[in-house]
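Me: I have a new structure to read. Can you take me through it, feature by feature?

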Amino acid sequence: MSDLPELGIWSPAADLTTGRVVVGYDGSDHARRAVRWAARRARHAGHSLVVVCVVDVTTRVPPPPGAHVTHWSDVAFDYAQALAREGVMLAGEAAPDVPASAVVGSGSAAQVLVEASRAAGLVVVGSRGRGDLAALCMGSVSTAVVRHAECATVVVRGTDSNVPGPDHHVVVGIDGSASSWSALEAAAEVAVKDGAWLRVVTAWTRSPHDSWLSTFSGQRENVLTQIAETAAATARRAAALARRRVADRHPGLEVSELVREGSPAGVLAEQSIGAGLLVVGSRGLGPARSLLLGSVSHGVVHAASCPVQVVRPTVRA
């Protein structure tokens with residue numbers, strides 16, 4: 001890596017491109033893991049990295065120890081610049097060959113990162129944050145970025161060493177919707193680039209509303225059985241179709257299928273153990289029990305044991 005570049009000040013017109021990975025940094029342990037993971041992801045993808053540090057001068061955050069405050073905004077920006085440089089240094093330790101730069105933004109952390117997503121290939125955040133600045137990795141920030149970002153987003157959970165590769169496979173949730181096919185293609189591309197194998201996961205459930213079933217009186221058990229059989233068959237068809245799609249587009253990629261009864265978020269969280277990346281769509285309306293509804297992706301982001309990538313319907317990374 002070259003010497004640290006001059007720090008930029010973030011603006012919506014900042015010079016970002018779809019070939020860059022953007023990562024939020026606030027000095028917390030979760031943010032450090034996010035920066036290291038983002039640097040390794042950028043290296044595998046052949047992209048550059050931008051570390052974004054945001055300061056909200058409207059919040060009443062205690063100043064750094066020993067600071068004599070005359071103008072809190074000046075102190076806050078100085079501190080943010082120091083943190084941003086620290087983030088670039090962390091990235092350099094994780095992936096020395098990745099070009100990395102830093103910018104400092106002002107205002108809402110979520111808003112700045114969402115603005116950055118409009119001209120980036122991937123936005124990475126930590127799962128929680130407790131830094132001195134307005135946290136870039138608190139649950140509310142990561143949730144807002146996942147919901148509103150205009151490119152793929154990764155929330156780093158687990159350890160930052162869990163990156164896709166021969167030792168850590170990629171998991172993708174499929175429900176048969178158009179959004180799930182975007183997630184499938186994104187997951188397959190990551191697996192191919194990083195030499196990982198791919199697991200396609202589909203969940204189904206038999207939990208209809210009791211009020212609806214009461215109209216069948218004595219036939220309740222038969223109806224339940226039919227619902228379960230239909231749901232399971234639909235899930236199997238979605239998984240099989242996903243596997244065929246991957247085989248057509250990525251013939252050398254190793255793929256396995258898993259069709260399991262249970263809540264989508266629960267099944268995916270369970271399958272994330274030992275994986276390098278879990279990929280889901282931002283929403284889904286497919287015939288199978290949806291793995292991609294907003295509530296499901298939100299639940300997965302907070303429960304997974306590995307980094308989670310949430311893909312918009314149109315994937316750019």
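Reply: Start with confidence. pLDDT is the predictor's confidence in each residue, from 0 to 100. You need it here, as this is a predicted model.

Me: Which elements have the lowest and the highest mean pLDDT?
Reply: Strand β1 (residues 8-9) has the lowest, at 48. Strand β7 (residues 170-173) has the highest, at 96. For the protein chain, the average is 79, and 74% of the residues score at least 70.

Me: Where does pLDDT stay under 50?
Reply: Residues 1-17 are one such stretch. The model still gives them 39 contacts beyond four places in sequence. Residues 129-138 are also below 50, with 44 contacts beyond near neighbours in sequence.

Me: Now a helix. What does the span of α1 tell me?
Reply: Compare the end-to-end reach with the expected value. α1 covers residues 29-45, 17 residues in total. From first C-alpha to last it reaches 24 Å, close to the 24 Å expected at 1.5 Å a residue.

Me: Which residues of α1 are buried?
Reply: Buried means under 20% relative accessible area. In α1 that applies to Ala31, Ala34, Val35, Trp37, Ala38, Ala39, Arg40, Arg41 and Ala42. Note that Arg40 and Arg41 are on that list.

Me: What follows α1?
Reply: Glycine 46, with a positive phi near 75°.

Me: How do I read strand pairing? Which strands pair with β2?
Reply: Look at direction and bridges. β2 (residues 20-24) and β3 (residues 48-55) are parallel, over five bridges. Arginine 20 has serine 48 in β3 as its bridge partner. β2 also runs parallel to β5 (residues 122-126), joined by three bridges. There, valine 23 has valine 124 as its bridge partner.

Me: Is β2 mostly covered or mostly open?
Reply: Mostly covered: four of its five residues are buried.

Me: What is the handedness of the crossover from β2 to β3?
Reply: Follow the chain from strand to helix to strand. Here the path goes from β2 through α1 to β3, and this β-α-β crossover is right-handed.

Me: What is valine 172 in contact with, beyond four places in sequence?
Reply: Ala183, Leu184, Ala187, Leu198, Arg199, Val200, Val201 and Val279.

Key
Residues are numbered from 1 along each chain as its sequence is written. This is a predicted model: local features need pLDDT of at least 70, side-chain atom pairs count only at pLDDT 80 or more; totals for chains, interfaces and linings use all residues. Side-chain values use heavy atoms; hydrogens and water are left out. Helices (H or I, at least four residues) and strands (E, at least two) are DSSP runs, numbered from the N terminus. The expected span of a helix is 1.5 Å times one less than its number of residues. Buried means under 20% relative accessible area, exposed over 50%, partly exposed in between (1.4 Å probe, protein chains only). Contact means heavy atoms within 4.5 Å. Two strands pair if DSSP finds at least two bridges between them. A crossover is right-handed if, with the strands pointing away from the viewer, the path from the first strand over the helix to the second runs clockwise.
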